[in-house]
Amino acid sequence: MDCRFKEIEMQLTALRIELRAEFQTQWQAAMEKLNARMDAQTRWIISSQIAILLALVALIASA
């Protein structure tokens, strides 16, 4: 009976390791996707701010 419990414990340990590896892989993929999205939004915000600055400079220069 102890042998059977040890076998089940080993199977659970192997399953835990497998699930942890899968979770880490999915976590890393999700983080990379999120980072790419944040980078794109940051570039969009910066370019919008530059466009507004240039429009303001043009408005002040024409006055």
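Which residues make a nonpolar surface patch of about 630 Å²? Keep that question in mind while you look around; we will come back to it with a selection. One thing to know before you start: the model on your screen is predicted.

**Stop 1: the whole chain**

Begin with everything shown as a cartoon. The secondary structure comes to 1 helix and 0 strands. The radius of gyration is 27 Å, well over the 11 Å that the globule rule gives for 63 residues, so the chain is more spread out than a compact globule. Turn the view and follow the C-alpha trace, which spans about 90 × 10 × 5 Å along its principal axes.

**Stop 2: the surface**

How many of the 63 residues, as a percentage, count as buried? The figure is 0%.

**Stop 3: the patch**

Time to answer the opening question. Select M1, F5, I8, L12, L15 and L19, and you have the residues that make the nonpolar patch. Next, pick out L15 by itself. L15 lies in helix α1, which covers residues 2–62. Is L15 buried or partly exposed? Its relative accessibility is 41%, so L15 counts as partly exposed.

**Stop 4: a charged pair**

Side chains of opposite charge can pair when their charged atoms come close. Here R4 forms a salt bridge with E7, and their closest N and O atoms are 3.2 Å apart. Why are these two separated by about one helical turn? Because R4 and E7 are 3 residues apart in helix α1. Both ends of the pair are partly exposed: R4 has a relative accessible area of 47%, while E7 has a relative accessibility of 36%. A search of the whole structure finds 1 salt bridge.

**Stop 5: the charges together**

The chain carries 7 positive and 7 negative charges, and the mean positions of the two sets are 7 Å apart.

**Stop 6**

For the last stop, select Q11 and T25 and draw a distance between their C-alpha atoms. They are 14 residues apart in sequence and 21 Å apart in space. Q11 is found in helix α1, and with a relative accessible area of 48% it is partly exposed.

How values were computed
Residues numbered from 1 in each chain as written. Predicted model: local features only at pLDDT ≥ 70, side-chain atom pairs only at ≥ 80, totals over all residues. Heavy atoms only, no water. Patch = residues over 30% accessible without salt bridge, like charges linked within 9 Å, V, L, I, M, F, W, Y side chains within 5 Å. Areas by Shrake-Rupley, 256 points an atom, 1.4 Å probe, with all protein chains shown as cover. Salt bridge = Lys/Arg side-chain N within 4 Å of Asp/Glu carboxyl O. Helix = DSSP H or I, 4+ residues; strand = E, 2+ residues; numbered from the N terminus. Buried < 20%, exposed > 50% of the residue type's maximum accessible area, 1.4 Å probe, protein only. Rg over C-alpha atoms; globule rule 2.2 N^0.38 Å. Lys, Arg positive; Asp, Glu negative; His and termini not counted. Charge placed at Lys NZ, Arg CZ, Asp CG, Glu CD.
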